[in-house]
Amino acid sequence: MSTSTGTSTSTGTGTGTGLRVAITGAGLGGLTAAASLHQRGLDVRVYERAATLREQGVGMHVGPNGTRLLRRLGLGPALDRAAVRPEALEVRALHDGSLLTRQEMGAGWQERFRAPYLTVHRGDLHRMLASLVPPERVRTGKELVRYEETVYGVVLHFADGSRDHADVLVGADGVHSVVRGALAGRDEPVYSGNSALRGVVDAADLPHLDPSLMYMYAGPTTRVLLYPVSGGTQFTYVVVTPAPPGADESWTSAGEPADLEAVLAGCDPALGRLAHAAGEVRRWSLHDREPLPNWSTARTTLLGDAAHPMLPHHGQGANQAIEDGVALAICLEEAAPGADGIAAALRRYEGTRRPHTTTVQLGSRTGRPPTKENTMNNNRNNNSNNNRNNVNADSVSWILDNDVEANLNNNNNANNNNLNNNNRNNVNSAA
């Protein structure tokens, strides 16, 4: 639930506010968790291995499932300034730019899903979230190399030889997570068969595109997605195309403008302007991991890419990390006293999140909700066709409708009602 000012509140009566929570990784998920925990009065520390706080990357989608939580954290005005609410998505043929279909979004989606669908530069959102966490709560230059979990807490060991202690450790340290490796063992990245060339261009260099719209140019094996960021002054582009295996599991590797020109050769001439306007090009090798059977112990848990790295075909990687961060804060705030209360809170968090993120993670492999057949077959082919035919609101409503904060509060209220009913029954029986 939220107050009239948009700040998150809780109906919990636990004593989690006495906990000291350590978060490794100051990405979008880690900072969302830190902001949510701080606003709920918990003692949170964020440990980031980089020397400074910054977010690499380009633009991103923030669906209503993410924006409603960010607005409750108090970021509504900042999002209004920096993000764009696309009015529609136009799907066009890659070879000639002819219009194939148009999905209206804008106010209609905001009314349907009770929050806006936005596109925003990752750096802008990262700065917004960082502004919610007091600087003294963030420690940079701290690379976690190992940790020890005991019945009394968690001891963190850093590359510089220093140590720290916490009641709870949260691994928000990405796909190469030290915490994930300790919890789940080593697992191998699963390559999708595709890579993406990404970057940002000035909207003025693409005058044929409307900065209030998103565009998808769809071909048999290649697709180009363009969407506005930075208040509509720039476009992010993502060009997904088949690529042989062998590239590193990274979304920040350097690409070449010549690579972009080669992929777009023979496409709609308007896309040639994109190739000429592009400056720095990044290559993203599209990997994910198999879903984990569990991701928590009595005092340690995961969130975001450390827990459920996923392909981008639902645009949900960061959104799910935002949901994780808010859900974890609620569960820890409402934790009962002592080690058993912490363990129960982490079980509640994982029990709430892991089934949902597994569904989103598997659905992201094909761009549609997973069925028994396509999950078992691990179908990773024809992603461009799946996305081209799957741009209506109904196809993503199962994701965008989710309100993790309301769900947890509703479940808590239901449990309290059940407890009260049981107590009344016990009193009546005794009488």
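## The helix α9

Helix α9, which covers residues 338–363, has 26 residues and reaches 38 Å from its first C-alpha to its last, close to the 38 Å expected at 1.5 Å a residue. The expected span is 1.5 Å times one less than the number of residues in the helix. Helices here are DSSP runs of H or I with at least four residues, strands are runs of E with at least two, and both are numbered from the N terminus.

At R353, α9 bends by about 30 degrees, and the proline P355 follows within four residues. The bend is the angle between axes fitted to the seven residues ending at a residue and the seven starting there.

## How the model is read

This is a predicted model, in which local features need pLDDT of at least 70, side-chain atom pairs count only at pLDDT 80 or more, and totals for chains, interfaces and linings use all residues. Residues are numbered from 1 along each chain as its sequence is written, and side-chain values use heavy atoms, with hydrogens and water left out.

## Helix α1 beside α8

Two packed helices are described by the angle between their axes and the distance between the axes. Helix α1 (residues 28–39) packs against helix α8 (residues 317–333) at an angle of about 30 degrees, with their axes 8 Å apart. Axes are lines fitted to C-alpha atoms, for helices over the stretch in contact, and angles run from 0 to 180 degrees between N-to-C directions. The helices α1 and α8 are therefore roughly parallel to each other, a term for angles under 35 degrees, while angles over 145 count as roughly antiparallel, 65 to 115 as roughly perpendicular and the rest as oblique.

In the contact, meaning heavy atoms within 4.5 Å, L28, G29, T32, A33, S36 and L37 of α1 meet A318, A321, I322, G325, V326, A329 and L332 of α8. By class, this contact of α1 with α8 has 9 nonpolar, 4 polar and no charged residues. Ala, Val, Leu, Ile, Met, Phe, Trp, Tyr, Cys and Pro count as nonpolar, Asp, Glu, Lys and Arg as charged, and the others, Gly among them, as polar.

## Helix α4 and its two partners

The helix α1 also packs with α4, at an angle of about 25 degrees and with their axes 9 Å apart. That makes α1 roughly parallel to α4. Here L28, L31 and T32 in α1 meet R122, L125, H126, L129 and A130 in α4, and the contact has 5 nonpolar, 2 polar and 1 charged residues.

Helix α2 (residues 64–82) and helix α4 (residues 122–130) have axes that come within 10 Å and cross at roughly 135 degrees. The helices α2 and α4 are therefore oblique to each other. Their contact is made by L70, L75, A78, L79 and A82 of α2 and D124, L125, M128 and L129 of α4, which divide into 8 nonpolar, no polar and 1 charged.

## Two loop residues

R114, in the loop between α3 (106–113) and β6 (118–121), has a positive phi of about 70 degrees although it is not a glycine. S230 has a positive phi of about 55 degrees, although it is not a glycine either, and is found in the loop between β14 (223–229) and β15 (234–242).
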